Amino acid sequence: MAFCSKCGKQVSDNAGFCPFCGATLPAAAAGGSGTPPPTSGPSAGGPATPSPPAPPGSPAAPPQTAPPPGYPAGVVPPAPPAPKKGKGWKIALVLILVVLLIIGAAVAVVAIFVVKTVKAPIDVTNNYIEAINEGNASEVWSLLDSDSPLRQQYTQSSFEQEVVNPSVGELRTWNANEVNVTNNKARVEVDMEFTDGTEFTVSFDLRKDNGDWRVYDYDTL
């Protein structure tokens with residue numbers, strides 16, 4: 001028996017090739033008549049040698065699936081189209097926008113109501129007090145209602161001499177802290193602090209004439 005000079009395996013004396021590693025044996029090089037053993041597999045006429053198992057950790061080959069009817073083997077059919085989204089989100093968006101518009105309109109209406117019915121009488125009262133404190137008699141007279149008892153009791157000149165001039169600079173601070181509006185009438189209560197340290201709460205009655213608020217009368221509470 002001989003041994004392969006390459007892999008060291010024991011081989012037949014007449015073998016021309018090593019059946020283990022395929023190396024040429026000295027017998028074949030010397031022109032011996034030995035023939036190498038047939039290789040295994042379908043080309044040698046013998047049964048096919050099963051492939052060795054894949055080593056652990058190696059990725060498994062993807063399973064071979066049959067193509068759908070109408071597609072030849074090896075041709076991958078196109079992916080089905082993605083389902084179209086419904087129109088429900090558009091409807092929901094429109095509803096949300098409508099609700100926001102309604103809320104915005106309601107807030108605007110409330111704001112207009114507050115300005116016209118609550119803030120306006122306070123603004124007129126503050127302007128009246130400020131005009132007296134600054135000695136602006138013509139402004140004070142214009143802010144009096146045409147039916148005010150003060151207009152009946154005084155002329156514009158006497159009102160300036162007897163009411164406005166003695167009150168100039170006498171007021172230190174004032175704050176309208178309450179307002180009540182009923183139809184075309186309003187009552188505004190103002191806390192006043194004078195320069196001599198005295199404090200009073202004065203109630204102003206206002207009337208609405210042609211959409212404008214005017215001071216009708218006032219008294220100390």
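Two strands count as paired if DSSP finds at least two bridges between them. Keep that in mind as we look around this predicted model.

Let's start with strands S5 and S6. S5 covers residues 199-209, S6 covers residues 212-220, and they pair in the antiparallel sense over 8 bridges.

**A loop residue and its contacts**

Next, find Ser167. This residue is in the loop that links helix H5 (156-164) to strand S3 (171-182). What does Ser167 touch, leaving out residues up to four places away in sequence? The answer is Ile132 and Asn133. Ser167 and Ile132 are 35 residues apart along the chain, yet 6.6 Å separates their C-alpha atoms.

**A nonpolar patch**

Now for the surface. Trp89, Leu93, Ile96, Leu97, Val99, Leu100, Ile103 and Val107 form a nonpolar patch there, and together they have about 790 Å² of accessible area. One of them, Val99, belongs to helix H2, which spans residues 88-134.

| Residue | Relative accessible area | Class |
|---|---|---|
| Ser167 | 26% | partly exposed |
| Val99 | 45% | partly exposed |

Why does Val99 count as partly exposed? Because its relative accessibility is 45%, and that class lies between the buried limit of under 20% and the exposed limit of over 50%. Ser167, at 26%, is partly exposed too.

Conventions
Residues are numbered from 1 along each chain as its sequence is written. This is a predicted model: local features need pLDDT of at least 70, side-chain atom pairs count only at pLDDT 80 or more; totals for chains, interfaces and linings use all residues. Side-chain values use heavy atoms; hydrogens and water are left out. Helices (H or I, at least four residues) and strands (E, at least two) are DSSP runs, numbered from the N terminus. Buried means under 20% relative accessible area, exposed over 50%, partly exposed in between (1.4 Å probe, protein chains only). Contact means heavy atoms within 4.5 Å. Patches are made of residues with over 30% relative accessible area and no salt bridge: like charges are joined within 9 Å, nonpolar side chains (Val, Leu, Ile, Met, Phe, Trp, Tyr) within 5 Å. Accessible areas come from the Shrake-Rupley method with a 1.4 Å probe; for residues, only the protein chains shown count as cover. A salt bridge is a side-chain nitrogen of Lys or Arg within 4 Å of a carboxyl oxygen of Asp or Glu.
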